[in-house]
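Let's take a walk through this structure together. Have a look at it first, then read on.

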Amino acid sequence: SAADLVSAFNRMAAERGLHAISQPLVERMIADGAARLYSVWRGDELQTMLLAYIAGDKAIFLQGASAVEKDNDGAGVLLQWGVMRALKAAGLRWYDMGGLPSLDSANGIYRFKKGFGGELVELGAEYGRSGALANLARKLTGR
């Protein structure tokens, strides 16, 4: 459910210093058909989930989180593969799994995404939100 995703994501976000996501917003996006929620279960236990934004014949990975503390057991690979199959079956033609922090083969996210065999597409820089203090520091240092 949206509540499961928001709870798991916001727990991870707090640990990593990320911004929390809003349950009413996620629920509204799903209800409006602008997003789809996918999950992997092991028996009665939710393992991992992701939210994909739908735009025409394209989908974009928005958020994902593990519901349980676990070692890398393949649930993430199963989830992404299942999402790709479901999106293709629904007539979508393109799925953006999100960016990469580096193209270094030592980077786990790079290896994970490359393992699917898709095409690496340069989409340009992402925008990040920063506070007034960080903006002032950039102005003062010229960066």
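## A helix across the strands

Before we start, one term: contact here means that heavy atoms come within 4.5 Å of each other. Also keep in mind that this is a predicted model.

Now find helix α1, which covers residues 2-16. Helix α1 lies across β1, β2 and β3, and runs at about 65° to β3.

## The sheet

Strands of a sheet pair through backbone hydrogen bonds, either parallel or antiparallel. Here you get an open sheet of 4 strands with mixed pairing, in the order β1-β2-β3-β4. At the edges sit β1 (35-42) and β4 (94-96), each pairing on one side only. On average, neighbouring strands are turned by 30° against each other, ignoring direction.

Zoom in on β2 (residues 45-55) and β3 (residues 58-66): these two run antiparallel and are joined by 8 bridges. Ala55 stands opposite Lys58 in β3.

In one of them, the side chains of Lys58 and Asp57 meet, at 3.1 Å from N to O. Asp57 also forms a salt bridge with Arg93, with the closest N and O atoms 3.1 Å apart.

Why does the pair of Asp57 and Arg93 tie together parts that are 36 residues apart in sequence? Because Asp57 lies in the loop between β2 and β3, while Arg93 lies in the loop between α3 (75-89) and β4. Salt bridges with shared partners join Asp57, Lys58 and Arg93 into one network.

And how open are these residues? Arg93 counts as exposed, at 71% relative accessibility. Lys58 is partly exposed at 38% relative accessible area, and Asp57 is partly exposed at 27%.

Key:
Residues numbered from 1 in each chain as written. Predicted model: local features only at pLDDT ≥ 70, side-chain atom pairs only at ≥ 80, totals over all residues. Heavy atoms only, no water. Pairing = 2+ DSSP bridges. Axes fitted to C-alpha atoms, helices over the stretch in contact; angles between N-to-C directions. Salt bridge = Lys/Arg side-chain N within 4 Å of Asp/Glu carboxyl O. Buried < 20%, exposed > 50% of the residue type's maximum accessible area, 1.4 Å probe, protein only.
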